[in-house]
Amino acid sequence: VDFYYFLRFYSALPPSFKMVKGPSVVTRDATINLHKRLHGVGFKKKAPRAIAEIKKFVSLKMGTKDVRVDSELNKYVWQKGIRNVPYRVRVRMSRRINDDDDEEGEASLYTHVQVVPVESFKGLIDETVDETVADEE
């Protein structure tokens with residue numbers, strides 16, 4: 001009964017009183033399994049589709065429509081040609097403030113995606129990276 005009372009009270013509050021956690025500047029590391037995302041894709045479309053799938057994954061994880069792929073990540077995906085895309089890729093996703101736009105809120109953010117070189121993908125988890133470490137690389 002208390003929960004429903006709270007829910008009724010909370011929904012009646014004006015928007016300025018609600019605690020809304022907006023998107024902020026953050027950096028995360030994640031491993032993307034390209035192999036399962038590219039299953040069934042024709043040879044001549046694998047690398048372009050891999051870039052599209054990376055953008056889709058990052059957009060979903062970081063909540064921004066504007067995703068910018070670093071040139072090193074692009075080279076990593078294309079290093080073995082259009083057909084032989086790497087099975088996995090470790091990426092660093094940095095949500096940043098877009099200085100070019102005058103818009104407010106979520107539209108003023110973009111995500112920059114970089115490749116993180118790793119020896120092995122075994123045992124890696126998705127994690128938030130400290131900003132000082134992210135800026136050094």
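**Entry 1: strand E5 and its neighbour**

I began at Asp 29, whose bridge partner in E5 is Glu 127. The model I am reading is a predicted one. I then looked up how E1 and E5 are joined: two bridges connect them, and the strands run antiparallel.

**Entry 2: the sheet**

I traced the sheet next. It is open and has five strands, in the order E2-E4-E3-E1-E5, with mixed pairing. Strand E2 (67-69) and strand E5 (127-128) form the edges, each pairing on one side only. I followed E1 (residues 26-33) to E3 (residues 88-97) and found eight bridges between these antiparallel strands. Within this pairing, I noted that Thr 27 has Ser 94 as its bridge partner in E3, and that Thr 31 stands opposite Arg 90.

**Entry 3: salt bridges**

I looked up the salt bridges and recorded a count of five. I examined three pairs, as follows.

I found Glu 127 in a salt bridge with Arg 90, with the closest N and O atoms 3.7 Å apart. Glu 127 belongs to strand E5 and Arg 90 to strand E3, so this pair ties together parts that are 37 residues apart in sequence. I checked the exposure of both partners: Arg 90 is buried, at 3% relative accessible area, whereas Glu 127 is partly exposed, at 39%.

I recorded a second salt bridge between the side chains of Arg 68 and Asp 66, at 2.9 Å from N to O. Arg 68 is partly exposed, with a relative accessible area of 30%, and Asp 66 is partly exposed as well, at 27%.

Lys 75 is exposed, with a relative accessible area of 55%, while Glu 72 is partly exposed, at 43%.

I next placed helix H4 (residues 71-78). The helix lies across E2, E3 and strand E4 (109-115), and runs at about 50° to E4.

I then turned to the largest nonpolar core, which has 20 residues; Leu 34, Ile 54, Val 58 and Val 77 touch the most other members. I noted that E1, helix H3 (46-62), H4 and E3 each supply at least two residues of this core. The largest share, seven residues, comes from H3.

Which residues does Val 58 touch, not counting those up to four places away in sequence? I listed Gly 63, Val 67, Met 93, Thr 111 and Val 113.

Note on methods:
Residues numbered from 1 in each chain as written. Predicted model: local features only at pLDDT ≥ 70, side-chain atom pairs only at ≥ 80, totals over all residues. Heavy atoms only, no water. Pairing = 2+ DSSP bridges. Helix = DSSP H or I, 4+ residues; strand = E, 2+ residues; numbered from the N terminus. Contact = heavy atoms within 4.5 Å. Axes fitted to C-alpha atoms, helices over the stretch in contact; angles between N-to-C directions. Core = buried A, V, L, I, M, F, W, Y, C linked by side-chain atoms within 4.5 Å. Buried < 20%, exposed > 50% of the residue type's maximum accessible area, 1.4 Å probe, protein only. Salt bridge = Lys/Arg side-chain N within 4 Å of Asp/Glu carboxyl O.
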